[in-house]
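Please keep the sequence and the model at hand while reading.

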Amino acid sequence: MTATVDVAPAARPLREGLLQFDPPRLLGSRCHVCGTTIFPAREFCPKCRVEGSQSSLPLSPQGSVFSYTVVHQAPGGRPTPYVLAYVDLKDDVRVLAQLEHPADAVSIGMPVSLRLKQVAEDGGMPIIGYVFAADPDAGGAE
Amino acid sequence: MTATYLAGVGMVRFGKYDASVTLEKLAAGAAAAALTDAGAAKSQIEAVYVGHVFGGPVAGQRIAVEIGLDGLPVSNHENYCASGATALREAWLAIRAGLYDVVLVIGAEKMTDRVKGGVAPDPSDLDAMQGFVMTAGHALSARRYMVDHGATREQIAMVAVKNHRHSQHNPYAHYQREVSLGEVLNARLVADPLGVLDCSPISDGAAAAVVCSARGLERLGIADSRPQVRAIGLVSGTLRTGLYDLNEEDISKRAGEQAFAMAGIDPGDIDLVEMHDCFTIAEIVRMEGLGLIPRGEGALWTASGRTSIGGDLPVNPSGGLLSRGHPVGATGMAQVCELYWQLTGQAGRRQVDEARLGLGYCKGGTVSGTDGASVTTVVVSR
């Protein structure tokens, strides 16, 4: 198993078009001109700048930690500590997300995979975001 | 194009002021000091440019009224931590265009009563939704820098040691005492590996300059020379794709190249830099991005004293954001004040010898997916 999901039926993503529930995937887009894959999806390719060149694409749920930090102080009353990381997905896309892993056991190159989870609530409706968690099956550093 | 000069500058000491010292009062203090330094009467000011972030709607007009400059063209400029320098750029453009000859530029911020626990991107930003705060971004950068260049935690911490050592001679600095390497390394962690002494403080403050054309200097009765604003670069970040180099600082490179070309200078001739060291690691990677220090050598340069006063290329003789303090909208103008004092030989015990050409650099804000929001590069010569 490379990714897990625990999503109530009437839930919505953190932002429209950001992710799909089943199977749990982040949704990026790929340029049909230069082949660059990006997240989140856009209307144009940031690499070759061609407009309307993008096709929606579920991204690999697996990747490895490129860099990380343990945040001990944050504004806005967000509970601390939490681990924040850049994760390099297998489709060569870098995603910033929290890691659900003990802070003292994170390392650069650690294999991780995607997990969708409720991050907020809007009038009783769960808002679904994403984190990554350690996953030995996700393969090591590039 | 009309040449642009700094006729005079002034600032209030950065620090934590109680509620009775309002944004307007801080700004008025800096403005009065700049007007006095320039020998300018209020009636000679043709326009007011104000940089701020947290001042609220029309803070610039509230400040102008406080000073008695009501009725003039007043504009508000927000580019997060580059707001003050952005305001200066707008003033410089207007003078170059021949629109005005004598204007007042103010950077001001009252933070300690409205910002707690650090600053973050706009809540609508995708990174902010994941818990991205400014410190975290620089912690991610620092960890990667150490891995990629073999730099040590101690070398990075030396940026704070150096800048605090410099600021003990700056009467306008929030902090005016030395800190030891041990203090930096053992300080409370904010975002691992960065501790609280790797972070610039939340400060209140204001800084201002009277900016003139040659005709404006004449009008103020200034016969001798004044530092010239040679160029001001402004760029925004670009979207990154693929598995990019986190510390490439392409945004800094572009901002530097823009200003150096416009000013017609060789960056190797720069004698001192007022650098946006909002965090220790930021000073290192931004100096490298500008091309003023070879890639991967910034930490080593810092630890070996090459960026100290008396070194090859002094960086932040004022103490920088880490020690002078960082009232975000005021910082760019505080850098300009320091450049003015350094280039006119008025910097006292923090004076850089033979300072002829200086650079002020600000980086403001982040936008998810890019290498930053705004960077300004101010080139000033004696």
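Are Lys162(B) and Glu283(B) buried or exposed? In this predicted model, both Lys162(B) and Glu283(B) are buried. Side chains of opposite charge can pair when their charged atoms come close. Over all chains, the count comes to 27 salt bridges, and the points below describe some of the residues involved.

**Pairs between buried residues**

- Lys162(B) and Glu283(B) are joined through their side chains by a salt bridge, with a distance of 2.9 Å from N to O.
- This pair links distant parts of chain B, since Lys162(B) belongs to helix H6 (residues 153-167) while Glu283(B) belongs to helix H10 (residues 280-289), 121 residues apart.
- Arg324(B) and Glu274(B) also meet in a salt bridge between their side chains, at 3.0 Å from N to O.
- Because Arg324(B) sits in helix H12 (residues 320-324) of chain B and Glu274(B) in strand E9 (residues 272-274) of chain B, their pairing ties together parts that are 50 residues apart in sequence.
- Arg324(B) and Glu274(B) are each buried.

- Glu354(B) forms a salt bridge with Arg356(B), and the closest N and O atoms of the two are 3.0 Å apart.
- Glu354(B) has a relative accessible area of 54% and is therefore exposed, the cut-off being over 50%, whereas Arg356(B), at 44% relative accessibility, counts as partly exposed.

**A network of shared partners**

- Arg240(B), Glu248(B), Asp250(B), Arg254(B) and Asp371(B) are joined into one network by salt bridges that share partners.

Key: Residues numbered from 1 in each chain as written. Chains lettered and ligands numbered in written order. Predicted model: local features only at pLDDT ≥ 70, side-chain atom pairs only at ≥ 80, totals over all residues. Heavy atoms only, no water. Salt bridge = Lys/Arg side-chain N within 4 Å of Asp/Glu carboxyl O. Helix = DSSP H or I, 4+ residues; strand = E, 2+ residues; numbered from the N terminus. Buried < 20%, exposed > 50% of the residue type's maximum accessible area, 1.4 Å probe, protein only.
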